[in-house]
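Subject: Structure handover

Hello,

Here is the structure I promised to pass on. Please open it first, then read my notes below.

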Amino acid sequence: MRRLSLVLLTAVALVGLAVVANVDAGWLFGRPSRVVCTGDSCSLPARQTPVAVQVPAPAPAMPAIAAPPKAPTVKPPYLPPNGVFPTGVIADKLSAADEKYHQNGQEVSKAVAYHAIGGQGLIDDANKPYVCIVDPDAKRRQDVVATLKRELGDKVKFWDGPPDDWSYATGHKTDGRPTIYAQLADGVVKHRQDDLADGVDAAVGAVRKAFPEYAPAKDPDLRKPPAPTLPGGFDLSNFRNQLAIALAAIVGGLVAFLRGKPPAPA
Amino acid sequence: MRQIFGILLMIVGACVLGAPAGLPFPLNPQPVPDAKKPEEKKRLFPLIRKPPTMATPATIAAKGGLVSPDGSEQIACDLPQKFHLRNRGGSDRAGLCVFCSIQHASVWQHQWVTQDIFKWMWTRPGGGWPEKVDKVIAQMAKEQGKPVPAYVQFQDKDIEVLKLACKTARMPSITYNYSPTGNYRGQFIDHMVSLVHATDKWFAVLDNNFPDDIEWMDPATFKNVYTRMGRRNGWSVIFLDPGPPPPPKN
């Protein structure tokens, strides 16, 4: 009798526990008890007859207000088929501690590598102008690029591609044969031509006119010894400086001559 | 009598403890990630090493789009979405992240020789390191009868050169050792991604496993990501030809 009362009490206690704790009591009865609501009705899931729960009717829609836009469907995050994201760096073959540098397949020193990208002082070419060549004829385009590169060197940055290239989708005109743009770094077009009627040399001349700050005469020739300079960095090789010095000497001599005492009469 | 009292005491105790938080044991057990779980013997992720023991400094990182999270900076290398590639394995199923990143840069910088380097590698063994990159680029150039494009590879901890590269519209491919926004379960990985923005204020990467997002972070966080919290050199591959011109204007 005592045992029976103990069992009964334990059963009552467990039910009470579930109710008081307000937890999912379905586990006691072998089914989930969560109420599933879809649209206007709510029902209990399997093993029980669905019970329609009355939901207050929605207020009549206001005719003037348009239906709210559908919430955008959220794309589930991509997961690779096997659940593993491929990576691919073989870390054991990297230099873990020592600095290492490669240029075009050859191991080089740090100085050479940095020089390649702008020098140790991190020279910034972001302000260099662009020359763009648009042409569907790949060979002609490459010839034009080669000529322009030969003539203009690295004073400008070159960009070329066919008219349907993605990079021209931002507004470049692409129907020339070829189209040649000379653009400042901020995009301002200084020159554009849509043909080569005057030849490539005329295009080179036009680009030079477009960027007058570029003067080939100022290009340094590193084979020659550096020009002598005066204290303060005064460059004697510059024609203007030479002219200024010559004028100063003439004026100084003239002043000295005029102020000088006349020779005493014999 | 004692037993009844004990049972009653147990019931009261269980109700007091159980009421606020449901039962004291889970009815529908869910897998709970165990941060202190030791490294499994059989790795699920062969290239993922031990979990980072990150005493992470104040990290600023967020997934976003073409503008930095604070709205102050526009992305430097805005490679159109249609060129964002998703990484995959090579013939031996090892990942091709290195070549996927290099292809991003190749498209951005019009490196015609390596425009299809990622697809070219599909039928070849995966995995990448500096000497292999040299070999693959040289082989592609040879097959096409074109000169090897100008590029450099750095293995050091300097991020200034990466800033310069982005400023001058070049897109470096860089090592990426963990995700500061929680991808890869926050674990260390041996991965390469594309650096699409780098300034004194913000860095942004295009991860070829998550090509729909741009991941933004502050420079200090980026340096940790690049150098595995300062424990290794970062590795970057940078083509030297410039990126595309700006939109034309009068």
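A:Lys110 counts as partly exposed, because its relative accessibility is 35%. The cut-offs are these: buried means under 20% relative accessible area, exposed means over 50%, and partly exposed lies in between (1.4 Å probe, protein chains only).

Some ground rules next. This is a predicted model, in which local features need pLDDT of at least 70, side-chain atom pairs count only at pLDDT 80 or more, and totals for chains, interfaces and linings use all residues. Residues are numbered from 1 along each chain as its sequence is written, chains are lettered from A and ligands numbered from 1 in the order in which they are written, and side-chain values use heavy atoms, with hydrogens and water left out.

**Salt bridges**

Side chains of opposite charge can pair when their charged atoms come close. A salt bridge here is a side-chain nitrogen of Lys or Arg within 4 Å of a carboxyl oxygen of Asp or Glu. The whole structure has 14 of them over all chains.

Which residue pairs with A:Lys110? The partner is A:Glu99, with the closest N and O atoms 3.8 Å apart. A:Lys110 sits in helix α3 (residues 110-116) of chain A and A:Glu99 in the loop between β2 (41-43) and β3 (100-103), so the pair ties together parts 11 residues apart in sequence. Helices (H or I, at least four residues) and strands (E, at least two) are DSSP runs, numbered from the N terminus. A:Glu99 is partly exposed, at 43%.

Another bridge runs between B:Glu131 and A:Lys100, at 3.7 Å between the closest N and O atoms. B:Glu131 is in helix α4 of chain B and A:Lys100 in strand β3 of chain A, so this pair joins two chains. B:Glu131 is partly exposed at 34%, and A:Lys100 is partly exposed at 23%.

Now look at A:Asp194 and A:Lys173. Their closest N and O atoms are 3.1 Å apart in a salt bridge. The pair links distant parts of the chain, 21 residues apart. A:Lys173, A:Asp175, A:Arg192 and A:Asp194 form one network through bridges that share partners.

**Nonpolar cores**

A nonpolar core is a set of buried Ala, Val, Leu, Ile, Met, Phe, Trp, Tyr and Cys residues joined through side-chain atoms within 4.5 Å. The largest has 39 residues. Which members touch the most others? They are B:Val98, B:Phe99, B:Val196 and B:Trp235. Helix α2(B) gives the most to this core, with eight residues. Contact means heavy atoms within 4.5 Å. Beyond four places in sequence, B:Val196 touches residues including B:Ile75, B:Cys166, B:Met171 and B:Ile214.

**A surface patch**

A:Phe239, A:Leu243 and A:Leu247 form a nonpolar patch on the surface, with about 320 Å² of accessible area together. Such patches take residues with over 30% relative accessible area and no salt bridge, nonpolar side chains being joined within 5 Å. The areas come from the Shrake-Rupley method with a 1.4 Å probe. A:Phe239 lies in helix α6 (residues 239-259) of chain A. A:Phe239 counts as exposed, at 57%.

**Confidence**

pLDDT is the predictor's confidence in each residue, from 0 to 100. Chain A has a mean of 75, and 64% of its residues reach 70 or more. Over residues 22-53 of chain A, pLDDT stays under 50.

Best wishes

How values were computed:
Patches are made of residues with over 30% relative accessible area and no salt bridge: like charges are joined within 9 Å, nonpolar side chains (Val, Leu, Ile, Met, Phe, Trp, Tyr) within 5 Å.
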